[in-house]
Amino acid sequence: MRFTLAFLILLLSGCSDNSIVTIYDKNISNEKITCMELVVFPPNEMIESTLKNQYEFEENCAFRLKVFTKGNIECNSNQNSQSKALGAMPSSYLRMELTKENRKILSYYIDIKDEIKNSHIEDGFSRIKKEF
């Protein structure tokens with residue numbers, strides 16, 4: 001069921017510019033998050049320092065904020081041919097996942113038209129913090 005829902009969201013969004021927040025564990029609001037460990041892949045100084053200015057991360061915590069990025073990408077979906085022609089296709093993405101003991105709790109995903117900036121990181125982390 002979860003896979004089907006996630007697949008439908010990705011299919012319908014193509015390579016849109018809207019962020020998607022998916023909550024995998026609805027009990028997150030009942031649980032107090034007292035610490036988080038930060039994992040950034042691939043390693044990125046700007047992302048790491050931006051997040052460390054927002055929150056005091058700790059090593060060896062059960063909760064992990066995993067941040068994944070990729071730049072210089074192209075969307076090959078034929079559904080987006082008009083956007084490609086207008087030069088409005090995203091070229092990067094940002095995905096943040098909050099996990100506890102390797103169990104995914106929630107994720108944040110956004111396609112970005114240019115390179116990833118501090119404001120994208122701050123906005124994504126704010127959306128995640130809003131859930132807990």
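A: To begin with the terms for the fold, helices (H or I, at least four residues) and strands (E, at least two) are runs assigned by DSSP and numbered from the N terminus. The model is predicted, so local features need pLDDT of at least 70 and side-chain atom pairs count only at pLDDT 80 or more, whereas totals for chains, interfaces and linings use all residues. Residues are numbered from 1 along each chain as its sequence is written, and side-chain values use heavy atoms, with hydrogens and water left out.

Q: How many helices and strands are in the protein chain?
A: The protein chain has four helices and five strands. Along the sequence, they follow the pattern α-β-β-α-β-α-β-β-α.

Q: What share of the residues counts as buried?
A: Buried means under 20% relative accessible area, exposed means over 50%, and partly exposed lies in between (1.4 Å probe, protein chains only). In the protein chain, 36% of the 132 residues count as buried.

Q: And what share of the contacts joins residues 24 or more positions apart?
A: A contact means heavy atoms within 4.5 Å. Among the contacts in the protein chain with a separation of 6 or more, 62% are between residues 24 or more positions apart.

Q: Now the disulfide: which residues form it?
A: A disulfide is a pair of cysteine sulfur atoms within 2.5 Å, and by this rule the count comes to one. Cys-35 and Cys-61 form it, with their sulfur atoms 2.0 Å apart. The link is right-handed, with 90° about the S-S bond.

Q: Where do Cys-35 and Cys-61 lie?
A: Cys-35 is in the loop between strand E1 (20-23) and strand E2 (37-41), and Cys-61 is in the loop between helix H2 (45-54) and strand E3 (63-70), so the pair ties together parts that are 26 residues apart in sequence.

Q: Are those two cysteines buried or exposed?
A: Both Cys-35 and Cys-61 are buried.

Q: Changing topic, how do the axes of H2 and H4 cross?
A: Axes are lines fitted to C-alpha atoms, for helices over the stretch in contact, and angles run from 0 to 180 degrees between N-to-C directions. The axes of H2 and helix H4 (residues 118-131) come within 10 Å and cross at roughly 45°. Angles under 35 degrees count as roughly parallel, over 145 as roughly antiparallel, 65 to 115 as roughly perpendicular, and the rest as oblique. H2 and H4 are therefore oblique to each other.

Q: Which residues make that contact?
A: On H2 they are Met-46, Ile-47, Thr-50, Leu-51 and Gln-54, and on H4 they are Asn-118, Ile-121, Glu-122, Phe-125 and Lys-129.

Q: Let us turn to strand E4. Where is Glu-97, and what does it touch?
A: Glu-97 lies in strand E4. Not counting residues up to four places away in sequence, Glu-97 touches Arg-64, Leu-65, Lys-66, Phe-68, Lys-104, Leu-106 and Ser-107. Glu-97 is buried, because its relative accessible area is 9%.

Q: Which side chain has a polar contact with that of Glu-97?
A: A polar contact is a pair of N or O atoms within 3.5 Å; within protein, one must be able to donate a hydrogen and the other to accept it, and residues adjacent in sequence count only if both atoms are side-chain atoms. The side chain of Glu-97 is joined to that of Lys-104 by a polar contact of 3.4 Å.

Q: What about Lys-100: buried or exposed?
A: Lys-100 counts as buried, because its relative accessibility is 18%. Lys-100 is also placed in strand E4, residues 92-100. Leaving aside neighbours within four places in sequence, Lys-100 is in contact with Glu-31, Ala-62, Phe-63 and Ile-105.

Q: And Lys-26: buried or exposed?
A: Lys-26 counts as exposed, with 65% relative accessibility. Lys-26 is in the loop between E1 and E2.

Q: Are Asn-60 and Asn-102 buried or exposed?
A: Asn-60 counts as exposed at 72% relative accessibility, and Asn-102 is exposed with a relative accessible area of 61%.
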